[in-house]
Amino acid sequence: MSDTTNTRKKATKKSTAKKQTTRRSPSKSLVIVESPAKARTIERYLGKKYSVKASMGHVRDLPKSKMGVDVEGDFEPQYLVPRDKNKVVKELRESVKNSKEVLLATDPDREGEAIAWHLIEAAQAGDKPVHRVVFNEITSDAVKQAIENPRDIDMRLVEAQQARRVLDRLVGYEISPILWKKVKRGLSAGRVQSVALRMVVEREEEIREFEPVEYWSLDAELQQQSSGNGNKEPMPFTASLHRVDGKKPELSDEASTMTIVNDLDGAEYSVTEVRTKETQRRPSAPFTTSTLQQEASRKLRMGASLAMRRAQELYEGVDLGKEGTTGLITYMRTDSTNVASAAQQRAREVIEHRFGKEYLPEKPPVYTRKSKGAQEAHEAIRPTDPARTPEQVRPFLSQPQYRLYRLIWQRFVASQTRNAVFDSTSVDIHAGKPGGEKPYMFRATGSVIKFAGFIDIYREGRDDDAQDEMDRDALPQLTQGELLALQKLLPEQHFTQPPPRYSEATLVKALEEQGIGRPSTYAPTIQTLKSRYYVNEEDRRLFPTELGEIVNALLKEHFPRIVDYEFTSEMEDELDEIATGERKWVPVIREFYNDFHPAVQKAEVNMEKVQIKDEPVIYWTVEATINLEDLLGQTMPVTAELSRVGNKSAEFTEESSARAIVDDLRGLTFRVSKVDVQTDRRTNFLRPFTKDDLLTEAQKHLGFNSVKTVTLAEQLYEGVSANGSGEISLISDLHTKSSNLPQPDWDHVAEMIRTHYGASLLANGHSAQPEEASEERILAGVVVPSDPGREPESVRAYLTNDQFKLYDLIWRRLIATQATEAILENVSVTMEAESAATRTTYLFVAQAGIAEKWGFLEIYPEVAAEIRADNAVGEALLQLSEGDTVEPVDIAPARRNELCDKCGRPMVIKLGRFGKFIACSGFPDCRNSKPLLVKVGVECPECGEGEVVERRSKKGRPFYGCSRYPECEFISWNKPIGRRCPECNDILVEAGRRGGVKCRACNYKESAEAAKAS
């Protein structure tokens, strides 16, 4: 790699003499940026003398199909132009050729510097003058000033970025293939990503191992005996027990706490000391990349990736109508809190005009960074013009853009405002017997905002309900020696809590504090953890998956340095030293690789292969047991299953949801609302076994896997030893083709039915094969008994237990193909229970089947399990009539496994290339699969058959649709709640984060309180 940027090979000129005489000399300067939006904004500022082109990001990269780093050749990277960038590069080369100079205006960071270098390498600038221009904001003044002050490409920054790229490629491309072999294809390991995963997993381990410890607190609700003005009731306040005989109280259990409570019976409470002091709170510093991501998560519920995309749009420029396309914020990848003096002066003008002169500090504040590894290379993230208020630009922004701009504007303007001033009060109150010693000291604290300052503009969000001085209530005016009236003592039990799981905000904060990663890496790191299914996000908290925990354990065991916090942080420092010229990049990479590669070689040999367990697809519902009388007058317990909760599904992902319903149903009476009896004529659909059928049925009913079934079938075909009869083959060849297959002896089959089951069970009363079984295709590769007259019991003595089970299944299947249809009566009883407490109607359904004629099911009852035929229960249900009431004797949560609708085996959640999906546990015998749908518990408002499920658009935005898509095309961007609008009868959906409800079609709305009451 060259150390200078303007040393280029001279372009070979092949133009003809005619072209040389007619060609005009280039008159425009070419400016190259990354994105079209940025290009449009800058082109408007520079005018006709400049042509602005977009590179669409990187134009050269390492190849995806191989390492792309020459380890033996000083780790020289082997760059290439990606196929999808060939057209862009070709156009840029043409533009470079037709320009008088090239100005590289890529982003002002290491990656932008590297992109600028790659652009010149790919565009083949030849002997054209090449300059680098840098600006921190895309405004007219900033861009023009940068154009007037160009510089050369800083090769130290390029090499620092290249070192990071090579380092990450070595780690990813050497560890990931090992994970593919030992765990699962498609996994990845990254230098920063793996450390972030370790943090999430170790936090989960802390939570699991945490043992809560009981402790108690004792508060006293007190009140002045007189308010002093004779009009208002004295204001009550709370004080906490702080000392007992001058020592910290040990309230470890209820007994020790109640001892003090009893001792305080009849005690006198007097104020012994009142301390008041003025305190100040400084505003938060302007945003850096990490603090912006944290606050966007806390306040806007906007993930790190989404926040950075919206910030990129605001930085590159938004069309503001008459004002044209304008960049609204400064560069959004920064770890600096510095602010340009001109921006501070502009902010002061805005503060004085908008809030008043009293909000201005005497001089502009200065903020310093405290996080490890901060480079302070740029300005903080701020509005390019503080006078451009959020309200002014709102008509030109999308809702997410507006919310993020408002957050950035408020944070910056508040940072330039005066401190908030408080009067903080602390009161000590001693308690004891009247006239005696007072060993118990309670303390109350309060604060009053004396001057709001920055609080009137912006207040920083908090993680995990952290306490804040600004939340304290004011205390009444108390004087030393004043006697107080006790309203009540408040003993309360507590348990120590485990550390909270990381949110995106707290994980970014932890990475920054440890010095791991840099501003540009936080969002993609978290996104990679999600896309690889190493973590799941629930209720804005990050949970490690089983896959994530397995990968973390393997990396910790075999690559301890790669996931070591301190080592990763030190590597970041070394990369920074390359950027400042203190170190050369090749020795840094070599030193790392000499330790790293031997660990890779050992892991290839020593890492054990891990099997990822499939998760069962389970849901929770509620079962109620009712006692009915059978035909003989004896008590029979019958199970009814919860079918609907109001108009919502009764399938829950959490057991707690089912238990809440059980609690609500206690003591309620069920009323029969419907008794339905339907005749079900089950045509004999059976045919002799094909090989695939046999493998499926043997797994389903006998529990034999494919290998075992094939082995047993081959043994039955090859022959078993029968006393006096020699070797006898019991079935046809499992692998026989239809051309060699003999016809079964249908007359013999008919005789077996007459002998064992009666002539009435024989289809059509004769031995002819049923029409649906007479097709020649049925015989293609079928597996049948070689002699239908050889009943299973007659050869049982010659077979092993497993051989007998398989032969019995094959024999009965063939005989059953000649039997009549089955006629069943399906009895379904619907019962209602109404809860006055929650104003909810619960529907329970009890079902059973009464067999009028078993038909083929009598011979092959394996199918009967799917029909749920139970004569006794069905007859008992028929004794009920609409309007009858029944008392449940037991109500309990019930765990259910979702079953395959093709073979009846349990469905499981599998992890594929494109994420999780549901598949049959019988794979590969049964290949049934379907998408993993997140049900929201609401019936589809359009078709009424499917359920509303959460889906994701191509861009990752959640929306809601019907589970029966494409049969039903219902769709909604907001979550339906299962109720109709009282004004237009369209559907009601969730609105906002506070629990409100609105109509999808009209202007009808409900507050959170009204929606909850409904």
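Okay, let's start with helix α22, which runs over residues 746–757. Those 12 residues reach 16 Å from the first C-alpha to the last, close to the 16 Å you'd expect at 1.5 Å a residue. Bear in mind throughout that this is a predicted model.

So which residues of α22 are buried? They're Trp 746, Val 749, Ala 750, Met 752 and Ile 753. Looking down the axis of α22, these buried residues fall within an arc of 155 degrees, so they line one face of the helix. As a reminder, an α-helix has 3.6 residues a turn, so residues three or four places apart point the same way.

And what covers that buried set? The cover includes α24, at 801–816, and α25, at 856–859.

Now over to the surface. Val 675, Val 677 and Leu 878 form a nonpolar patch there, and together they have about 180 Å² of accessible area. Val 675 sits in strand β21, which covers residues 670–682. Is Val 675 exposed or only partly exposed? Partly exposed, because its relative accessibility is 30%, and that label covers the range between 20% and 50%.

Let me finish with the whole chain. The secondary structure comes to 27 helices and 40 strands. Of the 1014 residues, 49% are buried. If you take contacts between residues at least 6 apart in sequence, 70% of them join residues at least 24 apart. The chain exposes about 51,600 Å², with carbon and sulfur atoms supplying 45% of that.

Methods. Residues numbered from 1 in each chain as written. Predicted model: local features only at pLDDT ≥ 70, side-chain atom pairs only at ≥ 80, totals over all residues. Heavy atoms only, no water. Patch = residues over 30% accessible without salt bridge, like charges linked within 9 Å, V, L, I, M, F, W, Y side chains within 5 Å. Areas by Shrake-Rupley, 256 points an atom, 1.4 Å probe, with all protein chains shown as cover. Salt bridge = Lys/Arg side-chain N within 4 Å of Asp/Glu carboxyl O. Helix = DSSP H or I, 4+ residues; strand = E, 2+ residues; numbered from the N terminus. Buried < 20%, exposed > 50% of the residue type's maximum accessible area, 1.4 Å probe, protein only. Expected span 1.5 Å × (residues − 1). Arc of directions from axis to C-beta. Contact = heavy atoms within 4.5 Å.
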